[in-house]
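This report goes through the fold of one chain, its contact with a second chain, and a few local features. The sequence and the coordinates come first.

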Amino acid sequence: MDLSRIDWSAAAVELADEHRRTNAPRARRTLAAVSSLRGRFTDEFSIAAAATTAAMKLEPLDPIHAVRDALVRLRFGDPEAAIARLDALPEQVGDLPLVLVVKALAAARRGEPRTARNIADRALQVDPKNAAARFLYTETNLAAAQKGGLDKLAELPRGAAHDAAWADLLAKLAILRPGDLRAVNQHLGTITKGSRAEAVARTVAAWAAIEPAAAAQELTRVIGTLARDSRAEQVAVGLFVGKLGEPMAAARALRILRDTYPDRPAIRRALAVVLTRVAVVEAGNEKFAAALRAVQMCIELEPHEAVHYQNRAALFTLMGEHDAALDAWAELDRHHYRLALVGRIDARSAMRYAAPHRMFSQAARLAPFPRRDGVFVLEESKSGAIVERTLSVNQESLDKDPEQLRQWLHHSRAALTFGFLGLGTARDRVLLAPSTPGVAEARAEGACALAQSLAVLVPEEGRRLADKLVVRFRAAAEGAPMHYVPAELDADALAVHRHAVELYAELALICIEWEPDPGKRGTFDEVLDSVRAVAPLFDERVLEAMLKDRADDAPPHALRFFQRVIRGALEIDSRELALDQLQKQQLAGFLIAHLRTSLVQRRWDEAEGTVSAHELEQLVEQLDIARKDNARVARLEFWAARLALAGDYHEDCAAAIARFHAIVDGDHPMLGSIEKLQHALDERKKTGKGKKRDGTSIAATGPGGDAKDLAAREAELETQPTSMHLYAELCHELGLANRWRDAHAWAARALARCLTPAGQVRARELGLELSGLEALAAKDPGAVASFVAGARASALGALERIPSGDSGLEYVRGLALLAGDRRAEAQEAFRTALARCTRGIYMAVLRPLATDIEAAVLDAAKQEVDAACAEGRFADAFARLAERMATVAKPEPYLIELARTQLAAILPTLGTAQRPVAPPPIRTSAAWRAELAATEALDAYARTRALVALAARVHEPSVRDAAALGRKLDDLEDQLAMAAALEESTKRATAGDLVGALHQLADLGPAGDRSARVLRQRAIVLLKLERYDEADAAVHKLADVPEPLAREFGKRYPSLAFRQRLATATNLVRAKNFPGARAMLDAARPAGVDAGAQELELAYTRAYCAAAEGYKKGEGGDREGARVLLFEALRHVEARLEQARTERHERLLELHKKLETDLEHVESR
Amino acid sequence: MAGPARPRPKTRLAIDPDNAYSKLGASPLASIDELKRLLSDKRGAALAARRAKGQAASGDEEATIIELQAIEAQIGAPAARAAYDREHPQNALLTVQPAPRDRAFEPARTASLVSAWLVEELGPDAMILHPDCYWLWLPGGLDAEVAAQLAQYATTTTDETK
C-alpha cells in the first residue's frame, strides 16, 4: 500500500467518529495507530504534533506513539524535544532498541556525536544484530573522532538491503572526514553496482575530492546539472562553500556564481551566509566600514532576515555614528514589530524583540562608571570604613538631556510588554496570576497602557501591534476567576513580574526625587502615564521576595527605597507588607501627587516667587489635582500653603496648614517651615482679610498660557479616558496655548484609548486636523482660534493666504471650505490632502472626503440637525434639511434624516395636546418629489412612516436605517397603546372593576409580555382576584425584563402575595370555609425584609382560623372537637407571644387572653 | 503630525567593557563548552602561577581566581548564562553575528542533508537514518487491521501527503 496516497485527514476524522460511537478497544487502537502515523504524512507541524499527542492519549501504554511523536519533532528540526519525549518514557521501555536508535539519531542531529555513539552502543548491547544501530554506531563513532575507527566498516552488514545505509554512511564520511576519501572509495564497491544509492554516494565522494582551487569552477558546472531547490543542490552548495576558502574569496566566487544563476535561492542564501562571515571577520578586525558594506549587501539579499538589521545597528553603534545608530536600531524594532504582526509572537521571538529595548532601557538607566549621564546615578556615602552606594535620580543629566528619561521609560515599557507577550495567552501566566477579576482587569489595562510605548517607538507598526496586544491582554482578563490562595508563578512569569516591580520601584524614585522641567510637560505626562500603567502590576510579595534574594553586593537598586516609601506613604508599621487594592491605589496616587508637587515647586523656584497672579492660581490648581490623587501628602500641603500665602489666599493657606498638621501628626522635617508660614499668615491677617481664589479662571484660558483648565481637563480625561469630546477640547486648548507637541501626544492617546470604530475615526480626524492647525497657527494664530471656536469658514481668509501644504493643512482647508459651502473647492482640497498623505491611518479619513464630497456635506448637515434636535429646535433642523435637499445633487440620503427628525419632533409632544412640528414644503427636482409633497397632508405619524418608506425605496443605503426607524415607530405605537391600556386598567381597578381592569391588559401582544408596568399591573389585579397561580406566572415573566421597575416589583411581590393570601384566608374563615382557609394559609410563605412580622401575622391568622372553627364546633355541641381546636389556636399564639408583646400585636395578645379564658371555661365544665 | 516621537537622546549608547565576556576574553556568541574550556584553562593557568610562586605569590593570582569564579557564576552554566544574557542583552546585540543559516553550511549539517537526498532518490522505504523513513515509523510493518482500514482512504492525489 502506498501510504503517501492515503487521505489521512479523512481517515482520522472517520475513525475518531467510529471510536466515539462504539468506544470499542479495537476502534481506539486503530485510531491511535492512524493518528500517530499521520504525523509522518503532513507538512504542518501543528497537525503532526496534535496527531501524535492524541495517539499517546488514546494508547498511553504503547511506546510506538511516543517514538512517532519524537520522530515528528525530529522531522521538524527539534531534536531537543525529541530527546525529551523519549527520556520521559519508563525505564524498561526506554531501553528498547527502536527507542535508543531514535534517541541516538536525535543526539547526532543535535551535534553531539559522542553522546549519539554511546546511545547507539547501548542499543547494540540490547540487540547486537540491529542493523540500524550498527550503522548509526559506526557513523557517530567516525564523526566523533578526527581519525581512526575505519576498521568498524568491515563489521557492517552488506547486501542490497543495506545499499541505502552504506551510501548514506560513505557519503557522510566523505564530507566529514575528507582525509579518509580513499577508504570511502574502497568501500563504495560494497554497494550494488549501478544502483541509485551507489550513484549518490559516488557523486558526493567525487565532489568531496575536488581541490579547493578548482571548487569555484566545479561548483559552477555542477549547479547547472542539478535541479533547482533539490537536496542534491543543497548538498553541493554546502560542500563547495566549505572549499571556497576564506570568507572574502568565497564571497567573490559566490557573487560570480549568482550572476550566472540569478534564479537559484540556494546560491543567494550561501552568498548571504558568506557575506555575514565577512562582516564578522571585518568587525573583529575593527574594520567597521567594510563590515557594514557586507551587511548592507546581506540586507539587500535577505531583507526579511532580522539579524542583518541588528548587525547594521551594532556596527553603526561601534563606529560611534550616533544618529545613524539610532535610526538603525529603530529599523530593527520596526522589523521585529512586522514579524510580530504577521504572527511570529512565540516566547522565544518575544524575548528577541525585547532585547534591544532592554539594552536601550539599561543604557539610559545608569551609565557605566565613570560616566554620569544616565537617568540615575550612584551616590557614594562613607560611614567610617563602609562606603554605601545608593541609586539616585541624576537631575543634572535629565535637565541636560531629557530624552534620556524618555528613552528609559519607553524602552522599559516596551521590554515589559514583550515580556508579557512571551508568556503566551493563558490568563494566569499573562496576567501574573491575578487574585480577583478586578485585579485581572486592572493588570490587563496596565499591560495595554504599557503597550502604547510601541507606538511611540515605531509609529506605524507599533500602533498596529499595540492595538493587537490590547485585544489580547483584555481577552486574557475576561472571566477571570477568584484565587483564594495565591497562585505560584513559573520562572518566566516571575521574571516578568519582578521586572514590573523593579520598574515601579525606579519610577517611585523618579516621582520622589526628580524635579520635572515645567517646560517639558510632555515628558512629565509620560512619567505619570507610566506610573499609572505599572501600578496595577505591583505585588508587595514579589517585592519582599526580591529584597530577600538580593545579595548584599548586588548592584544598587531602588527596591529598598521603594519599600520605605510604601511604609511611609501608607503609614504601615507591621513587619510584613500586605497591601489591599485600595492601598495600592493610594500608593500610586501618592507617587503621582509627589511628582506633581515637584513640578509646581520647580516652577516656583525657577521664577523665584515672581509668577503672575494667573500663573500662581494655575500652580495652586495643580496642587488641587495632586490632592485628588492622594490627600495625605504633607509636602503637597506645605506647597499649597506657601503658594496660597503668596497669592494672599488666607483661607486656603490656613486650610492647607491645617491639612498638613492632620497628616503629619507629630514630627516632620517641614514642621519648622510650616510654622513659619503660619506665623507669616498670622501677620498678614492683621493687615487685611486676603483674597479668594478666582474660580472662574478655568473657563477663561487664552492662547499662550499653561492654562489651569488644561490640567483640569487632563484630570477629567483620566476619569473618562474614552471621551473623544474631551480629547478634542483638550487638544484644541493645547493648540491655542501653543503646546502643539502636547496636543499631538493627547491625540495619539485618544487613538490608543478610543477603540470603537467611531472613536478611531474621530481620533484620526483630530490628529489630522491638529497637524493642519499647527501649520495654520504658524501663519495666523487668530484663524486657528476662530476655527476651533466653530467658525471654520472664518479661517478661509487666512488659509487662502497660505500656499498649498501637507495633507493636514489641506484637510483643514477642505473643512473650512466645506463650512463656507464651497463644495467643489473643498473636494479639491481633500483630494490634495489624500494625494499628499503619507500615513495609512489618515487615509481612512481622507479617502471618503476626496471621493464623495456629498457624503461630507451630508455628515455636516447631520451634525447640525442632531444638534438642533438635541436642543429641541426642530424647526431649525427641518429648515436645514429643506435647504440642503433643495441644493444638493443627490437629496435621497436626506429623506431618512427627515423621517428621523420628524420622529424626534413627535416625542416631546406625547401626552400633551401639542402638535408636532412639521417640515416646510421642500423644493427638489427629484423624480419622487410628488410623493414627498404628498406627505405634507399627513399627520406626523403617517408622515414619518411615509418618509421611511420613501427613503427605503429610493435610497438603497438607507434601507437598514429605514427598517430600524420603522421598528422604532412600531415600538412607539406599541408603547402608546400600552400606556392607554394601563391608564384605563388602573382606572377600572380603582373603581373595583377588577375583571375589566384585567381585560384591558389582555390584547397587548408580546410587547405587553415584555413591559414591566403591564406585567406588574397584571400581577396586582390577579392577586386581587385571588388568581394566585396566574399572578405568579406574570411575575415569573417579569424576571426576564431588565428594568429596575421589574426588579423592584419582583422583590416586593412575595410580600404582597403573602398579605393577599392572608386576607383571602381571613375572608374564608369569616365565610366558615375552614378547609379552604387552612389550604390558603399553608400556601402563604413569609418573605422579604419583614418576614418576621409576617410570621407573626401568619401565626395570628392560623390561630384565628383554628379558634373560629373551634367556637363553631362548640356551638354545634362538639366540645371535644372545640377543645382540640382551641388548644391548637393557643399553640399558634403562644409560639409567637413574646414577639407579639415586643411588636405590640394587640389582636394576637387579645386572642391569647380570650383563648386562655375560654379554655379554662371549657376545661372546668 | 503624530504623537510623541521615538526618543533621541544626545547621549551615545555606551559600551560597557566591564561585562563577563570581555573580562573572560570570550565572544558573547561562544558556546557554553567553549566558555567552560576557557574558564578551565584560565583557572588552571592562575593556579599554576600561584603554585610556581609559592610563598612569593602576590595577591594578583588570588584575585584572578576569585574573578574567574565570579565569571563562572555568571556565564559558566546554561541557566545562569541565559539569565545573565537576558539582563545584559548589550553583549550579544553589539556583537556582529553570523547569519542564522550559517550552521546549515557546517560539514555535519551538509552530511545530514545527504540522508534527505537519499530519501528523495530512493524513497521512504529505504533503510536510511532519517526520520522520514518508514522503518522507523513501522518497525514491524503495517498492522493488517490498520492497513484494511486505511485502504478505504487511498486516493490518487491528496493535499496532505508528501
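Of the 1165 residues of chain A, 46% count as buried. The model is a predicted one. Chain A holds 59 helices and 2 strands. Among its contacts between residues at least 6 apart in sequence, 59% join residues at least 24 apart.

**Nonpolar cores**

The largest nonpolar core has 325 residues. Those that touch the most other members are A:Ala104, A:Val204, A:Ala508, A:Ala641, A:Ala747 and B:Leu118. For A:Ala641, leaving aside neighbours within four places in sequence, the contacts are A:Cys653, A:Ala656, A:Ile657, A:Phe660, A:Ile674 and A:Leu677.

**Contact between the chains**

Chain A puts 105 residues into the contact and chain B puts in 68. On the side of chain B that touches chain A, at least two residues come from each of α5 (90-93), α6 (107-122), α7 (134-137) and α8 (144-151) of chain B. The helix that gives the most to this side is α6(B), with 15 residues. By type, this side of chain B divides into 39 nonpolar, 13 polar and 16 charged residues.

**The strand pair**

Strands β1 (residues 376-383) and β2 (residues 386-393) of chain A run antiparallel and are joined by 8 bridges. Two of the bridge partners are tabulated here.

| Residue | Bridge partner in β2(A) |
|---|---|
| A:Val377 | A:Ser392 |
| A:Lys382 | A:Val387 |

The hairpin of β1(A) and β2(A) has 2 residues between the strands, and A:Gly384 takes a positive phi near 70°.

**Helix α54 of chain A**

Helix α54 (residues 1044-1070) of chain A has 27 residues, so at 1.5 Å a residue it should span 39 Å. The C-alpha atoms at its ends are 39 Å apart, which agrees.

Which residues of α54(A) are buried? They are A:Ala1046, A:Phe1049, A:Tyr1053, A:Ala1057, A:Phe1058, A:Gln1060, A:Arg1061, A:Leu1062, A:Ala1065, A:Leu1068 and A:Val1069. Just after α54(A), A:Lys1072 takes a positive phi of about 65°.

**A:Glu300**

A:Glu300 lies in helix α17 (residues 288-301) of chain A. Is A:Glu300 buried or exposed? With 11 other C-beta atoms within 10 Å, A:Glu300 is exposed, because a residue counts as exposed at 12 or fewer. A:Glu300 and A:Ala272 are 28 residues apart in sequence, and their C-alpha atoms are 9.3 Å apart in space.

Methods
Residues are numbered from 1 along each chain as its sequence is written. Chains are lettered from A and ligands numbered from 1 in the order in which they are written. This is a predicted model: local features need pLDDT of at least 70, side-chain atom pairs count only at pLDDT 80 or more; totals for chains, interfaces and linings use all residues. A nonpolar core is a set of buried Ala, Val, Leu, Ile, Met, Phe, Trp, Tyr and Cys residues joined through C-beta atoms within 7 Å. A residue is buried if 20 or more other C-beta atoms lie within 10 Å of its own, exposed if 12 or fewer, and partly exposed in between; C-beta atoms are placed from the backbone. Two residues are in contact if their C-beta atoms, placed from the backbone, lie within 7 Å. Helices (H or I, at least four residues) and strands (E, at least two) are DSSP runs, numbered from the N terminus. Ala, Val, Leu, Ile, Met, Phe, Trp, Tyr, Cys and Pro count as nonpolar, Asp, Glu, Lys and Arg as charged, and the others, Gly among them, as polar. Two strands pair if DSSP finds at least two bridges between them. The expected span of a helix is 1.5 Å times one less than its number of residues.
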